[in-house]
Amino acid sequence: MAVFDPNDFDISELGPKVKDVEDADDLEEVLEREKEGKNRDAVKTLVQSRIDKLHDEDEDAIDYEALDPGEYTVAEMANLVRDVDDADALRGMLEREEAGEDRSTAKDRIQSRLDQLESSDDDGEEEEYVPPEEKYPELDHPTADKQYVHGIDDGEYRDMWVYCETQQGDLVDVSLEMLGKARQLMDDYNDQYDEEERVVAVLMGDDVEGHAETCIEYGADLVVVHEDERMARFQHKAYSEVFCDVARGDGHEFGREDREERDWHDYDEPRYVLFPATNNGRDLSAQVQAELDSGLASDCSGLYIEDTVISNPAKTGGEGKRQFERVLHMKRPDFSGFEYSTILCLDKPHRDFHPQGGSVIPGSFEIPEADAEREGEVVHSDLEAPDEWFRVDVQDFDTLEEGIDLTGYDVVVALGRGIGDDPTKGIELGLELRDAFEDAELGLSRGVITSSYSFDGHVEQYIGEDRQIGESGQVVEPDVYIAAGISGAIQHKVGMDESDVIISINTEPDADIRDFSDYYVQGDLFEVLPRLTEAVESGELRLEEIAAGDD
């Protein structure tokens, strides 16, 4: 992989790029470029961690032929032998285990892997597969009455489906993001595999057909519309049943018997499906993928399609390594975005895991330019949803205020648990400092939002999740960020560490936030904030001077 310049990326974008680099020397050069450029502590830590991991992997390479099983626990041995494809090496392990610890469980694990390899080399007739519930009908077990999910084996799958969510009559932005990404993925897919598979948009609700042309303009080849006035508001039973009904092809083993033939759906189920990682999208995606007997990668921020080689015997049927084709790789952030996991939804012997599906974090992809010249087809669902799917009847509802958008302000004054001695007074002081600046707003840490603090009525309006900054809140990049009484946990850091200047106030001499602050005031916020407000109001402390880093 070519060396890249980390200074061209935000830290949220660097996680997957760094993880994809397999050469420690390349990463050393990336680290040097960061030190010579923005010199961000979090980025340096991220790159160095990957370098250390690569060095550790080189040092920890295992010589299976000389491996002493006695140095490992049974659980560790069970994981180790999965990667061993050499039968002679396994026999040697087994002999050393018998001569040493002689643990029956460890020997079973080694022998089981050896049996898998040897059986894969046999030319004998393959044993007929029998489902577990038929193979062991006599078992008395708490799951004996389990309602088995309807799955299919060796089905035909095509196209990438995208659930396009609407709220209050409008398509949400993430629907357009997903359409654009799906278009790019399927264009590349069709070129690589010489196919003509489509992007299929799904619209469900009341009065949603008007969005069909928009879906086509943003990348859909086909739009499936289901109109029902009872679906004006999201109800997961109705929405999941409708989606699964339109997703199952004509003649599907578990589909509707009274369905009229559809010339646009000549396969069993979609190959891929995307949902928005919104409240409703998360709900729907889990329901749909469970009903279709597949898996789900939730909250993804990166997607690509390529072949992959897997050695896990649960997926290969004990055949050693096996290549899986056309696999949707779904990247999702872990540990506040400093690490990424890539989720794969792979078929198993005698059980297909399709559609391969994931939900997409809003903002992960760019909204493409609309193409008014694009052509596509609009089709309609003929399903008549029974009343029993609509057991919840919403009699009345209120629309909450949208809350405040903290992005775009020159200054953000953020308060944390340090206000705990007098929560109302702390908010008052934060508001006074906010008002001293021309373009500023008040933010809060998660600690304040989730606390049991009691606030007087005149400040309660400022205590809401809409003001939360951090991993599960807003991400801000103001000219000046003033953090008062905030410790600097990583979950908060990812929401503000791209600010131009960070001023922190904390009673602790070595609070975590000190490591990434430009100015650090060790003191009580109840004493420091009034003095800071006075300095701003008197002109003694000017915003442009702070932003420029002047003393």
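1. R434 pairs with D435 in a salt bridge in this predicted model. The closest N and O atoms are 2.9 Å apart. R434 counts as buried, at 13% relative accessibility. The cut-off for that label is under 20% relative accessible area.

2. The total is 30 salt bridges. Side chains of opposite charge can pair when their charged atoms come close. The next points take up some of these pairs.

3. R271 sits in strand β6, residues 269–276. E197 sits in the loop between α8 (173–193) and β4 (199–205).

4. R230 belongs to the loop between β5 (222–227) and α10 (236–247). D387 belongs to the loop between β12 and β13. The pair thus ties together parts that are 157 residues apart in sequence. R230 is partly exposed, with a relative accessible area of 29%. D387 is exposed, and its relative accessible area is 59%.

5. Some charged residues join up in a network. D245, D250, R256, D258, R259, R262 and D382 are linked by salt bridges. D245 is also among the buried residues of α10.

6. Now look at α10 itself. This helix has 12 residues. From its first C-alpha to its last, α10 reaches 16 Å, close to the 16 Å expected at 1.5 Å a residue. Why is α10 described as largely enclosed by the rest of the structure? Because nine of its 12 residues are buried. Those buried in α10 are A238, Y239, S240, V242, F243, C244, D245, V246 and A247.

7. What covers the buried residues of α10? The cover includes the strands β1 (157–163), β4, β5 and β6. The helix α11 (279–291) is also part of the cover.

8. The last point is a nonpolar patch on the surface. V392, V394 and F397 form this patch. Together they have about 290 Å² of accessible area. F397 lies in the loop between β12 (377–380) and β13 (411–415). D387 lies in the loop between β12 and β13 too.

Note on methods
Residues numbered from 1 in each chain as written. Predicted model: local features only at pLDDT ≥ 70, side-chain atom pairs only at ≥ 80, totals over all residues. Heavy atoms only, no water. Patch = residues over 30% accessible without salt bridge, like charges linked within 9 Å, V, L, I, M, F, W, Y side chains within 5 Å. Areas by Shrake-Rupley, 256 points an atom, 1.4 Å probe, with all protein chains shown as cover. Salt bridge = Lys/Arg side-chain N within 4 Å of Asp/Glu carboxyl O. Helix = DSSP H or I, 4+ residues; strand = E, 2+ residues; numbered from the N terminus. Buried < 20%, exposed > 50% of the residue type's maximum accessible area, 1.4 Å probe, protein only. Expected span 1.5 Å × (residues − 1). Contact = heavy atoms within 4.5 Å.
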